[in-house]
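Me: Can you walk me through this one, question by question? Here it is.

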Amino acid sequence: MRCPKCRLEQMESIQAADLIVLRCPVCQGVLLEEGQLRALVSQDLARFIEDVEHHPTPDALDEARSHCYACKVDMELIRGPMDVFINWCASCGSIFLDQGELTSIRQHPSGLR
Ligand SMILES: [Zn+2]
Ligand SMILES: [Zn+2]
């Protein structure tokens, strides 16, 4: 699967407990299937996926539309937990999180709807 954001060819599979998610080796963004975000936060698995030493992506980069390669449609930008803007595919329900966003959500799990 290609990265929705920088559109590199290959994302890496990262295993956290029984979940396998895709992470981009270039931008460190994370692509989650529908339901995986809630599972990651409720089981506190984000630390296995995101290196907290990295710095969040500058805001300017967040304005670019991400693209769901599974559905071949642009993803919607929606306001998620903790006012973090997340990319969401209206077709398959996948979520793409920029580097740092998973950690932001993890630190405030009560913000998860
Ligand atoms: Zn990327
Ligand atoms: Zn999709």
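Reply: Happy to. Two strands count as paired if DSSP finds at least two bridges between them, and helices (H or I, at least four residues) and strands (E, at least two) are DSSP runs, numbered from the N terminus. This is a predicted model, where local features need pLDDT of at least 70, side-chain atom pairs count only at pLDDT 80 or more, and totals for chains, interfaces and linings use all residues. Residues are numbered from 1 along each chain as its sequence is written, chains are lettered from A and ligands numbered from 1 in the order in which they are written, and side-chain values use heavy atoms, with hydrogens and water left out.

Me: In what order do the 6 strands of the open sheet line up?
Reply: The protein chain has 4 helices and 8 strands, and 6 strands form an open sheet with antiparallel pairing. Its edge strands, each pairing on one side only, are β1 (12–16) and β6 (76–79). So strands of a sheet pair through backbone hydrogen bonds, either parallel or antiparallel. The order is β1-β2-β3-β8-β7-β6.

Me: Which residue in β8 is the bridge partner of N87?
Reply: β7 and β8 run antiparallel and are joined by 2 bridges. For N87, the partner in β8 is F96.

Me: What geometry does the site of the zinc ion (ligand 2) have?
Reply: Donors are N, O and S atoms within 2.8 Å of the metal (3.2 Å for Na, K and Ca); water is not among the atoms, so sites may look incomplete. Here the protein donors are the SG atoms of C68, C71, C89 and C92, lying 2.3 Å from the zinc ion. Four donors count as tetrahedral if all angles lie between 85 and 135 degrees. The angles among these 4 donor atoms are 105 to 115 degrees, making the site tetrahedral.

Me: How many residues apart in sequence are the parts that C71 and C89 tie together?
Reply: The donor residues are spaced C-x2-C-x17-C-x2-C. C71 lies in the loop between β4 (67–68) and β5 (73–74), and C89 in the loop between β7 (85–88) and β8 (95–97), so the pair ties together parts whose separation in sequence is 18 residues.

Me: Is C89 buried or exposed?
Reply: Buried means under 20% relative accessible area, exposed over 50%, partly exposed in between (1.4 Å probe, protein chains only). C71 has 23% and is partly exposed. At 0% relative accessibility, C89 is buried.

Key: Tetrahedral: all angles 85-135°; square planar, octahedral: opposite > 155°, others 65-115°.
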